[in-house]
Amino acid sequence: MPVVWIPSLLRSLTGGQEKVSVSGETVGQVIEALEQRYPGLRARLFQGDRLRPDLSLVVDGDMSVRGLLQVVKEDSEVRFIPAIRGGS
Amino acid sequence: MSDPKHSLVNDPKHSSADNQGGLFHVIGTRPIRPGDTTKVTGQAIYGIDVNLPDMLYGAVLRSPHAHARILSIDTRQAQALEGVRAVITAADLPDLSAKISAEGEWGAELRYQNDNILARDKVLYYGHAVAAVSATNPHIAAEALKSIRVAYEVLPPVLDVQRAMAAQAPILHLDLRTDELGLRGDRPTNVASHMQTLQGDPQRGFEQAAIIVEREFHTSAVHQGYLEPHNATALWAANGEITIWCSTQGSFSARDSTAEVLNIPAARIRVLPQEVGGGFGGKNRIYLEPVAALLSRKSGHKPVKLVMSHPEVLAASGPASASWIRVKMGVDRDGKITAAAVNLAYAAGAFPGSTVGVAMGTILGHYRIANLQIDGYDVVTNTPWSASYRALGATNAAFTSESVVDELCEKLGMDPIEFRLLNGVRTGDPRSNGQPFARIGFMETLETARQHPHYTTPLSGPYQGRGVAAGYWGNAGGRSSATASINPDGSVNLVTGSVDITGTRMTLAMQLAETLGITAEDVQASVGDTAMIAFADGSWGSRTTFSTGWAVYELGQNLIHLMCQRAAEHFQVPAEQVRFDDGIFTVGEQKLAFKELAAQLNAHVPLMASATVNPGGAGPAFGVHIVDVEVDPETGQVKVLRYTTVQDVGKAIHPAYVEGQMQGGVAQGIGWALNEEYIYDEAGRMLNASFLDYRIPTCADLPAIDAVIVEVPNPGHPYGVRGVGEMSIVPPPAALANAIHAATGLRLAVLPMSPARILEAYEANPIS
């Protein structure tokens, strides 16, 4: 199952867990599975269907702009890292 | 989408990283850059040189206060002045409140951008734009500014990042709350956001340490120091089309940002980027474009030119953030890092959006650290809205972490390069995004530095010292576009969407020439405007030679494929009898060079090809710097005696350009380290807003800078390219701080390490 690395500021929602394995074929499905297990997590990462503007989505080491539509594999790793802001 | 695995450097036929032997025909050579002659003879066309029939001249009224409410603006007297054609304020900007509201958190960025272009309710820094005029000549425009009456309610400013974070600090934005990944604070604050990285168990890691060093540092804001000021000439035609000539690093981002501000479709705006006289990240943001466009419309659809003066540039365009940083690092007796904890607070300026997030990723990104916590704070202050400056955020950060590393080495009695060889990241180690580093060259760079004669040449006099520092920069990919058309004589016109700020027209021409098996002189590269070519991200993040290079490589492949198809049709041979190898087309029994075949095919149907890309695989860069200084204990002046920069560049497409980038970054880093700072009075007015008083290095201040290229090809690029332009500005302040310590015994924790600060340090630490 894909692994989601939980940003440290959100680990209070996951009982301190640094990474969580959940099923899903897209980031959207993975996030929904996370939300069912840890209510409130989705809203901290996404506003509606859009990734929060201060976050970047990284799947298997590559930045993705597809957000919830990004396809993930069985052994994918999903991370949320600070977005570059301020003009780059 | 480009496939990062499709890389010649992974091809068994080309396994050597060393191109000295004919791996490439064009790449690695040093052809003369087109445009060099026009630049040194004054013939190059910059934005300021644009002149149009019936053109008017604009000027901007700026706030004399660092923090104030705008009570009223009376422009009647200015409008009545003979020769004045239009006066605008924020009231002339479209009302975007509904759109801002609908966009939620994304709307905030739009509001900040609009408010920075023309202040609406408050001025938030000395020099904040309040109104603008257009007139028949610049003198009348300047006079008209004096006639505009602005009533302010002056408020106390807060200029320092730590003071801005304090509980009783004056608040810039009453609706701003600290955001912690969606969790919002419950009271007004100047701390816009708090971010955190946490891995392992830092507390336990520190318990395992034999030596711990903890230090606090302060760095001043510094300006990118480009000599060409911001400028924009705009024509808002009667049919609603807007044309803008400007100095920008990103013509498409300038177009789209202007479209957002003016609330019109982007397709109605055409941005023609002119030659850029320096940007370094400071020309990613728009300042004048929408203002010039609005003045043009209000002036009866006449073109309007706006040019900032140098004092305006320094006082009112985004510098790199000032910062406060605390670093704590622990090592075991062998010198292995056991834990690190960092707090960074970066001054965003008037609106949120500093580069603290980037700094968090780079401050210790070149070390293997299992137990690590980094907390970053984005803090607003009554200073200009901060902007990117070459390796945005990383220079401040490296100054602090590399100073602490130097202190640890001293306490360990360990050679500084040996320390980094022990703790530095290697191919396969995890990055901050969790994925392993692909092939990287930090170890090779360290070994090269260690073997360089500079590292072992003895120093020759008193008050001399040598410092070493390393740095890391992730580099970027991003969206790029390229198109090429073939001329009847077989020469090629290449157009890309990437503004050329570093000589990339040549490096892209060279990559296309390599791909097609022709000479660099056969490719004429130019920069397209936004109506000529597909979208491209700006020239930032050291991405152009990498990402637009991918576009050029792919278009070259597309062109070869097209020519093979057409050749089969033209010569009536089966498609499988046509192939391309090493610049030669084999068509049945014939062998034809590119130009020969192109000329024949072009006579029937013109040849052209395009490509758009957004590649992953941008390889990180690592660098090691060695510097010798001599400190005058009477004056505090630091003389830089010798400087060596060693950097892994992947593959140097044009080695002279790479060396120039390395040297240029060092020169800017030296200024950052020793001289440059913003000086404000208590009211928040900038006192040194001129190049006379804001002291950037000149040739007289610098020694020859030895640039040593290390090539560990990036597997994410067909020619092994890594971005090179930003890495070199990261280590200099730290290297100089470490050299000053070696020379004097003083550890300076404040930038710049100006003569006054060194004398203060001497007084605080008398040498017996």
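User: Before we look at anything, what do buried, exposed and partly exposed mean here?
Analyst: A residue is called buried under 20% relative accessible area, exposed over 50%, and partly exposed in between, using a 1.4 Å probe and protein chains only. By that rule Asp60(A) is partly exposed, because its relative accessible area is 25%. This is a predicted model, in which local features need pLDDT of at least 70 and side-chain atom pairs count only at pLDDT 80 or more, while totals for chains, interfaces and linings use all residues. Residues are numbered from 1 along each chain as its sequence is written, chains are lettered from A and ligands numbered from 1 in the order in which they are written, and side-chain values use heavy atoms, with hydrogens and water left out.

User: Where does Asp60(A) sit?
Analyst: Asp60(A) lies in the loop between strand 5 (55-59) and strand 6 (62-64) of chain A, where helices (H or I, at least four residues) and strands (E, at least two) are DSSP runs, numbered from the N terminus. Although Asp60(A) is not a glycine, its phi is positive, at about 55°.

User: Which residue of chain B has a positive phi of about 55° although it is not a glycine?
Analyst: Tyr463(B) is such a residue, and its place is the loop between helix 15 (453-456) and strand 18 of chain B. Tyr463(B) counts as partly exposed because its relative accessible area is 40%.

User: OK, zooming out, how many helices and strands does chain B have?
Analyst: Chain B has 21 helices and 29 strands, and its C-alpha atoms fill a box of roughly 85 × 75 × 50 Å along the principal axes. Of the 768 residues in chain B, 60% are buried.

User: And what share of its contacts is between residues 24 or more positions apart?
Analyst: Such pairs account for 79% of the contacts in chain B with a separation of 6 or more, a contact being heavy atoms within 4.5 Å.

User: Let's go to strand 26 of chain B; is it mostly covered or mostly open?
Analyst: Strand 26 (residues 621-631) is mostly covered, with 10 of its 11 residues buried.

User: Which strands does it pair with?
Analyst: Strand 18 (residues 464-473) of chain B runs antiparallel to strand 26 and is joined to it by 10 bridges, and two strands pair if DSSP finds at least two bridges between them. Nine bridges join strand 26 to strand 27 (residues 638-648) of chain B, again antiparallel.

User: Which residues face each other there?
Analyst: Tyr472(B) has Phe622(B) in strand 26 as its bridge partner, while Val624(B) stands opposite Val646(B) in strand 27. In the hairpin of strands 26 and 27, which has six residues between the strands, Gly636(B) takes a positive phi near 80°.

User: Switching topic, why does Lys122(B) count as buried?
Analyst: Lys122(B) is buried because its relative accessible area is 19%; this lysine is found in strand 4 (residues 122-123) of chain B. Not counting residues up to four places away in sequence, Lys122(B) touches several residues, including His67(B), Arg69(B), His128(B) and Leu172(B).

User: What about Gln668(B), where is that?
Analyst: Gln668(B) belongs to helix 19 (residues 655-674) of chain B, and it counts as buried because its relative accessibility is 11%. Leaving aside neighbours within four places in sequence, its contacts include Gln224(B), Phe280(B), Tyr389(B) and Ile729(B).

User: Last one, which residues does the cis peptide bond join?
Analyst: It joins Leu751(B) and Pro752(B), with omega about 0°, and Pro752(B) is in the loop between strand 29 (750-751) and helix 21 (755-764) of chain B.
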